[in-house]
Every structure is written in C-alpha cells, then in structure tokens.
Amino acid sequence: MTEPALDIRTTNAHREIRAVVFACRWCALLGADRAGKERIDLPASFRIIPVECAAGVEPDLVLRALADGLDGVAVMGCHLGGCRHNEANRPARLRLLLLQDLLEIIGLDRRRLLLSWGTAHEGYQFAGLMREFTAILAGLPAVDPTLVRPC
Amino acid sequence: MNAPDRSDSLPILVVGAGVAGLTAAMDLAGLGVSVHLVERESHLGGQVMRLDKLYPSDHCGFCPVWTEGAACLSHPLITLHRNTSLEVLANEDGRVIALLATCPPAVDSDACIFCGLCLEACEAGGVRGTIKMQPAGLPSDPATQPVPYLNPVLCSRCGECRGACPTGAIDPGRLDKPPLEVRLPVADVIFATGFTERNPAMVPEYLADSHPDIFTAMDFEAWIAEAGPNAGQISRRLNGKTPRSIGFIQCVGARDQRFLSYCSSVCCMHALKQARWVKRRLPAASVAIFFTDLRAEGKGYEAYARAAAMEGVLLVRSRPGLVFRLPEEGGGSTLAVHYEDTNSRQLITAEFDIVVLNGGLTACPLPGQSGSDAGTGNACGFCQEPADVSRSVVQGSRAAALAAMRLARRTGGGP
Amino acid sequence: MSGTPLVLICTCHETLSRALPKHALRIGIISRMPAAHLEFVPSLCRQEDMDRTAGLLEETKHSAVLLAACSPFARGNKVIEGLARSNYAIPASLVDLREGCAWIHGGNPEAAAAKAVDLVCMGLAGLTRRERSPNFHVQRERRVLVVGAGPAGLAAAGTLAQLGIEVILADRMSRQGGLLNQIGRLFPRNTPSQEFLAPLLQDAAHPAVNFLPKTSVTRTDGDPGRFEARLSCDGQNKTVIAGALILACGAMPVLPENHFRSGELSGVISQLELETRLRKLEGQEPAPPGITGAVFIQCMAAREDARPYCSSICCPTALKNALRLKNINREICVTILHRGITTPGRTLEELYRQAMASGIRFVAFSPADPPKVRGDNFVNAVSLTDALSARRLDIAADLVVLSTPLRPRPETASLAGDLGLRLDGMGFVCGTEPMQPLAAPLHGVYLCGAVRWPVSAQDAVDQGRAAAVKAATFLTQGGVDQKRLFLPGSQSGIASIRAEACSRCGRCVAGCPYGACRREGNEVISVSGIRCRGCGLCAAVCPSGAARIPEQDSASMRAMLREIAPRIIQ
C-alpha cells in the first residue's frame, strides 16, 4: 500500500508544510547561509537543525520526525569526498538511501526523505532544493500516523 | 606544559595571506611564535579563495581555506593586517624594520554587521549604485564576510551611510585619507605574495580584448561559479545563450620567447577542471583543450586527465595560431580558432562560442628591500616557484620550519 | 538542571526587529516556554556586549543561555566563542534568526516570525536537555618517530631536533640517505648527491636524534600523543612511545623486466643503472670511448592502464642525465623519446631549454606506437614513428636508457593500514588535501616524500621540514584542554558508550572514521577520547542506543523535533 501520488495542483493549498533539515555544520550549513546572504526568498516550511556531521543523523530520528507529523526530512552533508570527518558521509549516504527504501516499504513516499551532498557555495542550489522539496511535500497528504508508530 | 609565551621577542612577518602565507603563519603560531600577517586585499585566502572549485577533488576551494583563515583570525599569536602592503624592509643597526602601509577601507569588515542600513541610506540620499551588498570578484567567499562595497568613484562623500551605520563600520571619509603607516621591528620575514594573471591581450593572435566571450581562466571561473552572477548556469556573455562549444587554449603568453619563457604549472589542470565542469553541466557541448604539453604530474592528476578524456573532453596537442570573430546568423558573432592538429597534421578552423585563455601567471613582486641584507627572508608559494595548492602549502610550512629553526639557533632553544 | 535559561535575542541594532517584531516573538516564545527569561539586546558581538553578557550571566546565575542572533558564519561563532572563553561559561547555544530566517523569508513576515519562534523554542528545548562531555587533560609525549631516513626523513629529523624535540629515526637499511645513495647527481643543478646529503646528515646527527639502522616498524598502536610502535631490528623487538609519527618510507623504482628487450640486449638499462655508469664515467679523464649514441625512452611502464600515473620526476631525471652524458663527451648523440616533456614551473623549464640548447634531440612518440629497440646481443638502434611528423626514424644507439616510475613499497600498505591512512588507487598514502597534504585525518600522523607521491630530492626535503613543523605544532599543544582544540564554532563533544546497553556488535568499531571506538576482547566497546572528533557516526549506527555524544544526544534532538511537530505522540 503506497500513498497515491497527488497532483500538486489538486492539493489543499492551505495545509502548512513542515519539514526539518539536518544540515552538517560545514558545507551544508554554509550553503544555507549563503542563500541567506544572497537574501533569496524561500518558503518558510523548513527548520534547520545543525549537526556536526550527516553521519550522526540517526535513522530512528528520521522516522520519529515523520511519526510526529512532519511532512519531510532533509539530510544535507558535504560533497562526497569532501567530508571533514574522513569520508564519514559515504556510509551515511548508503544508510540513508536504505532508509528511503524502507520508507517505501512501509508505505510512505520515499521523497519525504531528501538527501543532498552539496558544497558550501551552493546558495542558489540550496534555495532550489528547498523550493522543490516544499512543492513535492505539498503534493503529498499528511503522514498517516498508523504507518509510523514508535513502539 | 603550555606553549611558551614569546610576546617579549620580535615577531615574524609573513607577507601575503594566501594559502602559503596562511599556512606559514598558522604553523609558526602553533609553535608559539608571534606572527604579523600582512595582506594587501581585504579578504584572506588569496587566489584560491576566488576559485569556485579545486582540482582534483572538484570541491569548492573555499571551505578548507576558510577553516584555516578563520583559525588565523582568532589565533591569539597572529596579528592580521588587512588592506596593508609592505612598503619597505629596512635594516637599521642590525634590526629589521618593516614599514607597513594600511589603507583602511571605507568599510571596516570587523565592525560591519552586514545589516544593510548603509545601502538604504545611500539609495535614498546618495548616488545609486555606490554601495553594493556583495563584493565584486569573489564568488567563493561566503563566510569571510561580504561586507558592503563602496565604489570610490561614484561616491559623493555625502556621509549618509556613516550616519545610518549603527556600528561606525562605514565611513567614506576613509577613502581620501592617506595610508596609515606602521613601523614594525621583526625577527624574520617570509614572503608569500602569490601571483597575478597577466592580461592575455598582449598576445596579438588571440585578440583577447575583442570579444566578450574570450575569458581568462579566473574570469571564466567567476562567470560559471555556482555562487556567481549566473547561479552556476553557463551562458555566453554576448547574448546569454547556452554555448555549443568551449575551447581552452593553454600556454598563452607562456613558454613563449616573446613573453614568459616558463611554465605556470597549474594551468593544464585548471583547464581540465573547468572543462570537466562544463561537460557535467552541458553534456551536449563540445569542449576542447589546446595544449602544448599536458602537465599532469601531481598526485592523482594523470587519472584526472584520463577521466576528462573519457568524459568527452577533446585534448588536442596544438598551439593555435589565431583566434578571430565569425559573424553569426541572426546577428552577433561567435569565435573561431585556427590551429594545426599535430596528430593529424591538418590545419583546422573550429568554431567556439567561448574561448578561455590560460597561461601567463606571474609572481607578484616581492616588496622592496633597502639596506644591506635586510633580514634573511625567504619566499614560499607561487611567488617563489609556480605551484599548485598542495605544493604552496608545503612550501609555506617549510618556510615556517626554516624561520623557526633560525629563531631557535638565535635564542639557543626550541619553542 | 536548575535555574532558568536565559534567552538573549539580538535585534542587530533594531534592523532585525523590523522583520521579526519583538512583541510577536515575545508572545510566541513565552506562551510555549513560560520558564524562559527573555531579553532583547541591540547587539551581542562587540567586545563591550560580550563583557556585558558575561557579567549578566554571572550576576543572575542562569543555567544556560540561548543566543538568537545572526548566522554562526557572520558573528554568531564569535559570540559563542567569546562566551566560552569568558570566566563564567555555561551551556550556550546559538540560533540563526537572520540569514536563517529574516533574510530568506522577507516576503512573508508572518511566517518568518512564526519560524523565529520555532527556532528559539527548538534551541531552548535542545539546550536544556543537552549534556556536556567531560573535559580532560591531554599529555603529549614530546618525541617523534620518523620512519625512513631518506632525504625526507633526514630533513624531518633534523628540523625537529633543531626545534627541541626528541626524534627516533628508523630505517630498514644500515645507512642514511635512502635512494639518494644510488644516485650520483641531482637535477636541476647537477648537484652531487653526497653534497646535497651532507648538511642533512649533519643536522640529523644532532644529539636529540636517535638513529636506529636496520630497523623496521612492524606495528603501531596507541593514540595521538602517545603512539606505541613496535620496532624490529635483526630479529630483536622493542616498543617505543612517540607523541607523533612521520612516515617517510619513500618509494621504489620499477625495474624493467625485458621491457624494450632490456633482458636480452646489452646496453638497454634503467635510469638507476645509468647512475652507476655515469658515476664511473664522470670520474675519468679523458672520457673513455664507448658510447656514441644514447637514446632515452620516457614513460616506460607508466601512464598506461596498469599504472595510470605520471611519476613526475622521470623527465627532469632524463634531462639531467642526458646533459651529464653531453658533459662527458659532447660528441655523444643524445635523443630523448617522449610523450610530452613534463617540466612544470620555472626551474624545470629552464632545465628543458638548457637541454635543447646543448644539442639533445627530442622526438615525441605515441603510446599506441612505441619505439622498437633493435640489435642482436647488443643494442644498435631504436626505430620509431615521430608523432609530430609521422616519419619513421632510425636512431643509431649503443645505449638505451629506460625511464621508469617510482611505485609504493609493499610494506607501506600495512603501516598505513595500522594508522587508518588512506591509500590512493596506486598505493601511495594520502594526506588531507588540499590544505593539509602531509597530515593524516588522524591527529599526530604525518607523511612526507615519495611515500605520498614521487618527488624530487629537494621537494622531499621541503616536505620533510613541513611535516616536522606540523608534528612540532601538534606536540606543542600538549597539555591543553582537548575541547579547545576543536575547530572554532564546533560544539561537538566526545562519544561515550553505556556499558549496560552495549551488545558488542562492533558496528561503531567498523564505522568510526578515526579508529576511536575500540574493542578489547570481550569487553564493552570503549571510546578513545583523544581520537574521537564527535562526528556521531557511532551513535547513528548503534542498534541499542548505547553509543551517544552528550552534546548531540537523540533525546535533545527529539525534544527539538517536538517543538516543531504538528502532532506529538506521547
């Protein structure tokens, strides 16, 4: 049983989209900061939680975020090969890709977990990602609480 | 056991806060030696900070350099003099005195909080366009504070900005003040003044000034930068359209008896980096590098060059004889490169929408010295010998090592 | 945690209050966090502001402080660090209301204000649950083990000794000098290698340097600041303690194995063999008869699929040796067959031009059509297709010299493995490019010379000195509170593992980028506080939640999520 992919145009435009972004304190947060310095206008749907490294983002936390009713979770780390913690983002990426598969298996749209491995300049790219992410989440219904329940 | 306090002994002067100079300063400070770091520009990181990507990692140049720069800024043993040049190094009674001249910029980047009130005040009362919130020419510099840039030519000196600024950071009055001079006795000097790109217009056959789509390497970097004026999109400067073909010409004004006889060592890899980047963004574009000898001897460089070839970058051994304009249908013009393909020995004229000219990187001159044997300064980085980032930072550490060893011999002990 | 948290919201000289009205923030925050004490200040980042803040905290004895201000990359980090350095340092956290809120949501002030309230409440929720890793004092042994006494190792040892640091210099061979002992003269200025080595040998003869010949390193254990290296010499083992390690083990030349018929014909030799011959020839007056035509072939067994790299020094070496042949006897016809002469920079280009001026001929060939060496028993000619003119050439030669690359030594891999050092695709050891090419990701481990990549003798010496200074700065910081050594703005802590929950599965051991998580037999996994850099990978992979970093604990993360979640499941 998977969620029907709704056409964005038929969405209830009044539903407020809420997403959390785990951004590593290095490249990812710098990219977001850059968007701020450029004063690029963005939807206010996301809240950033800085982390030391994307490798430290626990899959359990992602599931809890969705269980708590957040529409989506983004995990942003450094460019592959550019991780400050000796390539720790590589296993992190593999783990999170697996988590995307898991989401699909339990019936959630895998696009609710956004992964991005960018570099510090990319303020425009961060902005583009956030807009796209918000639009995708707006096209999905609220997370069904029966699909994700802590035990 | 803490690092010994050396505040009573003379500091070491490091001239230039590019990657070599930053490394030398940080290494010396790490050994407990006081350092005065002098930088002509207002930003740290020199040329590397201006690079959107580095080879062979294809990552931003900014992040690792910024870490070193930030550490430098906050290190208690490093005194940073920005917007400062070393005028003269004099020898007085056996002591080495450095004469520094600081032109305090209109905007003090330490006091500025980037609130933008100056911009509002200027637009209301001053000359439009005088203040820009982003500095020109530094795509790769998000976190070393994009202080407002005050154009000294347009500025009417009305002072509206100064009135609006809550911290006193901006003052157009500083534009017209004479430089502040500082006399600094130093124990030793390390030169790390880096390089500049020469204007390729000196090479007549490439007509560098004649067409907006002929770039130097650094110009092109700024043009296609992710955080640049086109947000990472690659377009023709002439008409904003997507380029169909891009050509890189190496050894422009270099390895050439008319101009510089030596090799700048970094341009081949730099062209490969930009070529691969273009190919990633525009897979349909035709990308060619015209080289004399493809220098890819560093760690991982040959593999990088092979990857470029596999990705469809054409590597043509040739030194083109002419670059000229070709009128285009519908107005405007594109460029043509006339060359001999030395593999096939054919003379070919190929069209390119963009041409990037690489070469002719010259060391910045070492500031003047007067008096006999003014200090035992040593040079590191590109100003001493053309070098890439890895080599430059190694040379910076080496210069720090030699300076520290000299200091140890003089004081009869280690740090 | 007793006491109320203080929330200081910077209005950035009132510029932020326009986008984020104070009353909206106050109402929003107090309604969700009634216990918080909220204050708006015009500025936080000037020295006087930071002094005032520290004074305020000391006076009012708040338990924690949340700073809501601009981005950490603007002035935020400066404020946090200033607080950490002050006398009254309490748990503090920063939220970015400017670059992260006001400046990106200017078009929607209501949403911006709501987000600002969320960010502050999230920050508080995380802050009040966040714990602190214990501080600890780090002692660093003021001694460096330098592995390898070639030019890089000698320079490293000599530099360290001059800087007042004890050195153990180990080499597999019985004498110092490495590969330079087999080379007569060095480019670019034809310096006799013994002349080049002399000052290095002298510096390394410093009383602070303990040279151990015929010694190899079999294993390394321990942590940065106190490594334990097992050394083996003539079957005898001993362990030395060193605060830092410098790998200077060098590389080895690839030797021709019947490439270009070197196995069957006399007169087809490697550059290394040429060195021996040149030394003999250079010592003699007048030059003996024998060589009339010499041909150098570049890129033997290099820049090909099996070994896809350029060994960087073979072209300058060929130029130097070609010039030496010309110096011995100007009549010798010397030709260099190449695939592009690699002489980057100023000095090496000059060497190239010098070679051209001396009458040395250069002919380019294509790797698809390599030169063929001709002769029976003795070489007499080399034939090839000139890649530039497409003409077939026959060059008379009684000496053919093959330029071969340097390759990593086999023992490098295990030494690197012990220390968690990466090897590149060719087997050379990697540092942390681009700004720390000679430093391993693990603190206290450095590399220099050909173990990293083929280099000239002068570059090896320069790298040796550079690695030495890096090691010296590392040791100079000994005794300092470990927390201060983290990068500015970094608030990560040190991982710890709860014994009662650890299932000993070992996932953290396998994943830790620094080798900090360790297993000792059947014991619970332990974390080396010295190695840990707080990335959090262990916490993320631990199936039982035993591994955690107090500052980034999932409990505080969950509390932060609850602040922004539309629906909370109890």
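Modeller: In chain B, the side chains of B:Glu328 and B:Arg244 form a salt bridge, with N and O 2.9 Å apart. The term denotes a side-chain nitrogen of Lys or Arg within 4 Å of a carboxyl oxygen of Asp or Glu. Helices (H or I, at least four residues) and strands (E, at least two) are DSSP runs, numbered from the N terminus.

Biologist: On what basis are these positions reported?

Modeller: The model is predicted, so local features need pLDDT of at least 70 and side-chain atom pairs count only at pLDDT 80 or more, whereas totals for chains, interfaces and linings use all residues. Residues are numbered from 1 along each chain as its sequence is written, chains are lettered from A and ligands numbered from 1 in the order in which they are written, and side-chain values use heavy atoms, with hydrogens and water left out.

Biologist: Is B:Glu328 buried or exposed?

Modeller: Buried means under 20% relative accessible area, exposed over 50%, and partly exposed in between (1.4 Å probe, protein chains only). B:Glu328 is buried because its relative accessibility is 17%, while B:Arg244, at 47%, is partly exposed.

Biologist: Which salt bridge does C:Lys214 form?

Modeller: In general, side chains of opposite charge can pair when their charged atoms come close. Here C:Lys214 meets C:Asp234 at 4.0 Å, N to O. The two residues are 20 apart in chain C, C:Lys214 between strands E9 (209-212) and E10 (215-223), C:Asp234 between strands E11 (226-233) and E12 (236-242). C:Lys214 is partly exposed at 41%, and C:Asp234 is exposed at 61%.

Biologist: Which residues are linked in a network of salt bridges?

Modeller: The network links A:Glu16, A:Arg18, A:Arg47, C:Arg32, C:Asp118 and C:Glu563. Over all chains, the count is 65 salt bridges.

Biologist: What is the strand order in the open sheet of chain C?

Modeller: Strands of a sheet pair through backbone hydrogen bonds, either parallel or antiparallel. This sheet has 3 strands in the order E19-E20-E21, with antiparallel pairing; two strands pair if DSSP finds at least two bridges between them. Strands E19 (372-376) and E21 (392-396) are the edges, each pairing on one side only. Strand E20 (378-385) pairs with E21 over 5 bridges, and C:Ala381 stands opposite C:Ala396 in E21.
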